[in-house]
Amino acid sequence: MTSPDGITWTGYLATEANAWIDVTWAPELGLFCAISQSGTNRVMTSPTGAAWTAYLAAEANSWSAIVWSTELGLFCAVAADGTNRVMTSPNGATWTSTVAAEANSWSSIVWSPELNIFVSTSITGTNRVMISSGNQLVASTASFTGATSGAITMKAAAAVSYTHLRAHETDSY
């Protein structure tokens with residue numbers, strides 16, 4: 001559904017009756033990209049938010065969050081299950097899967113242009129924060145309770161808080 005003001009909404013048919021969970025906007029592509037937790041085609045894109053095109057995800061995982069990095073020209077999504085719980089795409093149509101830092105239930109992802117990293121958080125596991133190296137979320141993990149990873153943890157936490165705040169300044173619930 002779309003809204004010009006966050007008050008009045010218009011509903012549209014999705015390409016498939018999946019459990020669509022998250023959507024992001026890529027201004028450089030002029031494209032929305034949504035991900036799903038179920039179904040055959042777990043990715044769909046739209047230039048307007050009204051008409052959607054379905055695509056296969058890199059893997060049939062329960063995809064839970066997606067973000068666009070303007071600086072990298074890349075969508076990045078994380079999943080709660082599966083062998084490869086991270087996937088990336090330059091266009092929303094073709095996807096490449098990557099092994100996550102840990103086999104956690106990854107539930108959110110943000111891009112911090114100031115730190116030049118993706119940060120993902122999880123609802124399970126020992127290390128519930130994953131930060132990227134380059135454009136892949138595989139380099140390292142940080143625990144909010146681990147004293148030895150305090151510097152990385154604070155950097156990751158700041159990136160999550162700052163970017164999450166910026167991303168939701170215009171959200172309407």
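Visitor: Why is Phe75 called buried?

Guide: Phe75 has 0% relative accessibility, and buried means under 20% relative accessible area, with exposed over 50% and partly exposed in between (1.4 Å probe, protein chains only), so Phe75 counts as buried. This is a predicted model, in which local features need pLDDT of at least 70 and side-chain atom pairs count only at pLDDT 80 or more, while totals for chains, interfaces and linings use all residues. Residues are numbered from 1 along each chain as its sequence is written, and side-chain values use heavy atoms, with hydrogens and water left out.

Visitor: What makes Trp95 count as buried?

Guide: Trp95 has 12% relative accessibility, so Trp95 counts as buried.

Visitor: How many aromatic pairs are there?

Guide: Rings of Phe, Tyr and Trp (its six-membered ring) pair if their centres lie within 6.5 Å, and planes under 30 degrees apart count as stacked, over 60 as edge-to-face and the rest as tilted; by this rule the count comes to five aromatic pairs.

Visitor: Why is the pair of Phe75 and Trp95 called tilted?

Guide: The ring centres of Phe75 and Trp95 are 6.2 Å apart and their planes stand at 35°, so the pair is tilted. Phe75 belongs to strand β6 (residues 74-79) and Trp95 to the loop between β7 (86-89) and β8 (96-98), so the pair ties together parts that are 20 residues apart in sequence; strands here are DSSP runs (E, at least two residues), numbered from the N terminus.

Visitor: What makes the pair of Trp111 and Phe118 tilted?

Guide: The ring centres of Trp111 and Phe118 lie 4.7 Å apart with planes at 55°, so this pair is tilted. Trp111 and Phe118 are both buried.

Methods:
Helices (H or I, at least four residues) and strands (E, at least two) are DSSP runs, numbered from the N terminus.
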